[in-house]
Amino acid sequence: MNRRKFIKNTSITGIGLALGNSVVSCAENNSNKPTVATPIDNSKGGLPLVIATWHVENATAKAMEVLQSGGTAVDAVEQGCMVEEADIKNSSVGKGGLPDRDGNVTLDACIMDKHGNCGSVVYLQDITHAVSVARKVMEDTPHVMLAGEGAKQFAISQGFKEEDLLTESSKKAWEDWKVKSEYKPIINIENHDTIGMLAIDKNGDIAGACTTSGLAYKMQGRVGDSPIIGSGLFIDNEIGGCVATGLGEEVVKTVGSFLVVELMRQGKTPQEACEEAISRIVNKPNSDYKNFQVGYIAVNKKGETGSYSIHQWFSMTKFQDGKNEQIQSDYFNKT
């Protein structure tokens with residue numbers, strides 16, 4: 001059996017779109033569709049600056065609060081992402097995240113600072129703030145990545161509280177899904193599978209973070225792009241940074257965030273770099289891009305920003321010059 005057929009038959013086409021009650025929830029609140037259709041503005045604004053994937057004004061507000069209080073960019077992205085990890089209404093990040101097909105809530109996260117230092121955790125269970133554990137890996141160990149039980153035991157040794165991350169709402173969604181155990185992804189009805197955040201502090205230093213509970217009802221052990229440095233996140237303090245969201249498998253195949261930063265190194269604007277990275281995905285031979293979503297956001301050293309996706313309704317939240325707004329991304333598939 002070839003890999004494509006195996007993925008289809010095991011119901012993990014990898015589209016990263018959560019189903020069950022989360023679909024109903026997203027459809028009802030319609031939070032995937034930006035409430036502010038502001039055109040992308042790549043002009044240089046003031047510092048500090050925060051951008052994040054999707055509709056996360058509370059998270060960007062917290063990050064900006066940290067920056068305005070004199071905190072560093074890495075402090076800002078950690079604390080901003082923690083807002084979403086603690087929000088049990090967000091069923092794709094942290095506590096309250098939808099589980100894998102066996103009922104386990106597993107978290108992936110990474111963080112990267114201005115020096116190029118990075119930390120990551122994969123398949124972390126029973127610890128809400130995966131992004132903070134990732135920072136501890138970066139700062140307090142000689143390693144970049146810790147996984148599974150090892151990551152959990154490290155977190156506990158660092159004073160993190162062990163708790164059940166499966167809320168009653170997520171448990172019910174999982175139990176409803178088990179009735180048929182069908183996986184029929186719908187583009188953008190996935191409750192934002194990731195929060196990725198980039199920040200530039202008042203000194204012009206850049207940091208980024210990414211955290212997720214991954215796609216709902218995935219095979220046990222599945223890991224996407226979010227904790228993979230260079231795929232879900234990449235920072236080069238001389239150039240800029242990028243984070244990804246959507247179908248993690250496709251982001252990994254193109255090392256998407258690293259690609260965006262390298263394109264900016266070659267002289268492209270953040271917007272141009274995001275567009276080129278998406279074109280690398282959709283123009284691959286036999287690409288099935290019409291059936292999945294990928295989106296990128298990026299910032300360069302000048303404070304210029306960009307975002308681009310395969311399909312409509314991807315957005316980024318941007319906090320700059322006193323304005324915290326959701327910006328609808330341009331997109332490739334306009335047919």
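Helices (H or I, at least four residues) and strands (E, at least two) are DSSP runs here, numbered from the N terminus. This is a predicted model, where local features need pLDDT of at least 70, side-chain atom pairs count only at pLDDT 80 or more, and totals for chains, interfaces and linings use all residues. Residues are numbered from 1 along each chain as its sequence is written, and side-chain values use heavy atoms, with hydrogens and water left out.

Q: Where does Asn-286 sit?
A: Look in the loop between helix 10 and strand 9 (294-300). Asn-286 isn't a glycine, yet its phi is positive, about 60°.

Q: Why does Asn-286 count as exposed?
A: Exposed means over 50% relative accessible area (1.4 Å probe, protein chains only), buried under 20%, and partly exposed in between. Asn-286 comes in at 69%, so exposed it is.

Q: What makes Asp-126 partly exposed?
A: Its relative accessible area is 23%, so Asp-126 falls in the in-between class. Asp-126 lies in the loop between strand 3 (118-124) and helix 5, and it too has a positive phi, near 70°.

Q: Why is helix 4 called roughly antiparallel to helix 5?
A: The axes of helix 4 (residues 73-86) and helix 5 (residues 130-140) cross at roughly 150° and come within 8 Å. Axes are lines fitted to C-alpha atoms over the stretch in contact, with angles from 0 to 180 degrees between N-to-C directions. Over 145 degrees counts as roughly antiparallel (under 35 is roughly parallel, 65 to 115 roughly perpendicular, the rest oblique), so this pair qualifies.

Q: Which peptide bond is cis?
A: The one joining Leu-47 and Pro-48, with omega about 5°. Pro-48 is in the loop between helix 2 (21-29) and strand 1 (49-53).
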